[in-house]
Amino acid sequence: MSLPTTALFRDDFYLSTNEAVVTAVHEDGGIELDQTCFYATSGGQPGDSGFLERADGSRIALGPAVTGASKDIVIHRPLEGEALPIVGEAVVAHIDWARRYKLMRMHTACHLLSVVCPYPITGAAVGEEDSRVDFDMTDTIDKDEVTAKLMKLVAENHPVFVQWITDAELSANPGIVKSKNVRPPMGLGRVSLVCIGENSSVDSQPCGGTHVSETQEVGAIHIAKIEKKGKENRRFRIRFGAPGSDA
């Protein structure tokens, strides 16, 4: 029976490596550790990739991590042909930090977009270079105007931090959830609120993903495209760089 993985990333988004012990190796090669800094694919954000370092210095290359039989189990997936560790083996987990940091910046940008466009969210996908957020809306909106408002929030360098509330507190305040179709991660006893601005003055919403610590770290972003996806759905494409850098 799998044991819950201590998810170190929940309390430190900037932790890129950690010591761990292998607690299970699945028939398909999936590896469980007692604790990990790897984020597992969830909520529109891809899982972390990287490698496990063994005592002899050799590496086990890993693709994006996923959740196991329950949300509190993280499965580290070796790439094809990689050697497998044994249960009880001590390893050091290393995430691909450059990739993770891009995803942190992008995920934070998606939160800022939900501030600029205060409509119910019907879908989202965070990527390394391109992300999308779908809104339940019929209004016509100018992408350059949205970009300008996003960059204003970035430049103001608001703090980004996490506060924890209980599952019961979230259930008693359902209005803080912006997503229309996807519920925030519950069942672990506590839920993380991603807050932006002093005293959450800019935004506060439940989210289990990883984010930067201040909006300035997001860097230059822009809305590359706004697509009509149905009568009451608009898809916003966010990309890194200044407007016009897509060509």
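The model is predicted: local features need pLDDT of at least 70, side-chain atom pairs count only at pLDDT 80 or more, and totals for chains, interfaces and linings use all residues. Residues are numbered from 1 along each chain as its sequence is written, and side-chain values use heavy atoms, with hydrogens and water left out.

**Salt bridges**

- The whole structure holds 12 salt bridges (a side-chain nitrogen of Lys or Arg within 4 Å of a carboxyl oxygen of Asp or Glu).
- Glu89 pairs with Arg54, with the closest N and O atoms 2.8 Å apart. Glu89 sits in the loop between β7 (74-78) and β8 (90-95), and Arg54 in the loop between β5 (50-53) and β6 (59-67), 35 residues apart. Strands are DSSP runs of E, at least two residues, and helices are runs of H or I, at least four, numbered from the N terminus.
- Both Glu89 and Arg54 are buried (under 20% relative accessible area; exposed is over 50%, partly exposed in between; 1.4 Å probe, protein chains only).
- Asp130 and Arg239 form a salt bridge at 2.6 Å, N to O. Asp130 is in strand β10 (residues 130-136) and Arg239 in strand β15 (residues 233-240), so the pair ties together parts 109 residues apart in sequence.
- Asp130 is partly exposed at 25% relative accessible area. Arg239 is partly exposed too, at 27%.
- A network of salt bridges links Asp130, Glu227, Arg237 and Arg239.
- Asp134 bridges to Arg132, with the closest N and O atoms 3.0 Å apart. Asp134 is buried, at 5% relative accessibility.

**Nonpolar cores**

- The largest nonpolar core has 31 residues (buried Ala, Val, Leu, Ile, Met, Phe, Trp, Tyr and Cys joined through side-chain atoms within 4.5 Å).
- Residues with the most contacts inside this core are Leu113, Phe135, Val146, Leu150, Ile221, Phe236 and Ile238.
- Elements giving two or more residues to this core are α1 (97-116), β10, α2 (143-155), β12 (190-196), β14 (221-228) and β15. Helix α1 gives the most, with eight residues.
- Another core, of 15 residues, lies apart from the largest one; among its members are Cys37, Leu62, Val74 and Ala93.
- Beyond its neighbours within four places in sequence, Ile221 is in contact (heavy atoms within 4.5 Å) with residues including Ala109, Leu150, Ile238 and Arg239.
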